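Welcome! Please take a look at the sequence and the 3D structure below, and then read on for a short tour.

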Amino acid sequence: MPGARDCLLVVDVQNDFLPGGALAVPRGDEIVPAIGPLARLFATVVLTQDWHPADHVSFAVHHPGRALFETIALPYGPQVLWPVHCVQESPGAALAEGLDVPHAAMIQRKGCHTAIDSYSAFLEADRATVTGLAGWLKARGVERVFICGLATDFCVAWTAGDARAAGFETVVVEDLCRAIDLDGSLAAAWAAMGAAGVIRATSAEILSGAFG
Ligand code: VGL
Ligand code: ZN
C-alpha cells in the first residue's frame, strides 16, 4: 500500500481535455470517477493544471499559415500546434467536476509562460525552466511518484520522464490515463517511459495491495 514516501500526481484532469472540450482526449471522462478512490490511499496528492495565457505559443491560431496539430520549430525545439485550450481562468481550464480529491494539498499550474510550453509538471519545454515541484516533493520526503491523468502520450509521459530524471521512483497507473495518440505518439511515449525506468501498474493492483 502507498505510504508516507509516496505521492499521487493527477495530471491535467481539466474540462478542455474531456469529451466536448477544446482539446478532447478520447474517453478521457472514463478515468475521472476512479481517481478519487485511488487518491484516498495517498497522504500526498498533487493535481496539475495546464494553465496558458491567451497568447500562448502552442496555440495554432497564433501561427498564420500553420495547421492544427502540425509540428513547428521553436527556439527550444519542436512544438506541436494545438487548439486554444486551458486558457487561464476559463471554464475549460477548470478541474473536472467529478474529480473528487479534496485532500490534494498542491495544484501545480504549468505552461504559464507565453513563449514556452510545458507538458511536464517538473520542467518546461525549454528544458531549463523548472516549476519547483521536485523541490516541493523532496521537502515532504516523497521518494516515489504515482501518476495518472491526461494525456498519456503528452503531459503524463513528459511528467513521468522528468520525475525519473529528478530521482523519483515513478509508476504510471495505466488504466487511469487516456491518450491523444497523434501519429504514433502513444507507442513512442510508452517506449520512452520504459527506457527511462518508469514502472506500469493498474489501479486494481494498487488498491488490492498487490503492488508494493
Ligand atoms: C496536453 C497538449 C497540450 C496534455 C497539454 O495535458 O497532455 N497536451 N497541452
Ligand atoms: Zn497545453
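A nitrogen atom of ligand 1 lies 3.0 Å from an N or O atom in the side chain of D50, a polar contact (a pair of N or O atoms within 3.5 Å). This is a predicted model, where local features need pLDDT of at least 70, side-chain atom pairs count only at pLDDT 80 or more, and totals for chains, interfaces and linings use all residues. Residues are numbered from 1 along each chain as its sequence is written, ligands are numbered from 1 in the order in which they are written, and side-chain values use heavy atoms, with hydrogens and water left out.

**Ligand 1**
- A nitrogen atom of ligand 1 is also 3.1 Å from an N or O atom in the side chain of H85.
- An oxygen atom of ligand 1 is 3.0 Å from a polar backbone atom of C155.
- Taken alone, ligand 1 exposes 260 Å² (Shrake-Rupley method, 1.4 Å probe), and the protein buries 100% of that.
- The residues around ligand 1 (a heavy atom within 4 Å) include D12, F17, W82 and Y119.

**The zinc ion**
- D50 (OD), H52 (NE2) and H85 (NE2) coordinate the zinc ion (ligand 2) at 2.0 to 2.2 Å; donors are N, O and S atoms within 2.8 Å of the metal (3.2 Å for Na, K and Ca).
- Along the chain, these donors follow the spacing D-x1-H-x32-H.

**Burial**
- D50 is buried, at 3% relative accessible area, where buried means under 20% (1.4 Å probe, protein chains only).
- H52 is buried too, at 0%.

Methods. Buried < 20%, exposed > 50% of the residue type's maximum accessible area, 1.4 Å probe, protein only. Polar contact = N/O pair within 3.5 Å; in protein donor to acceptor, adjacent residues only side chain to side chain.
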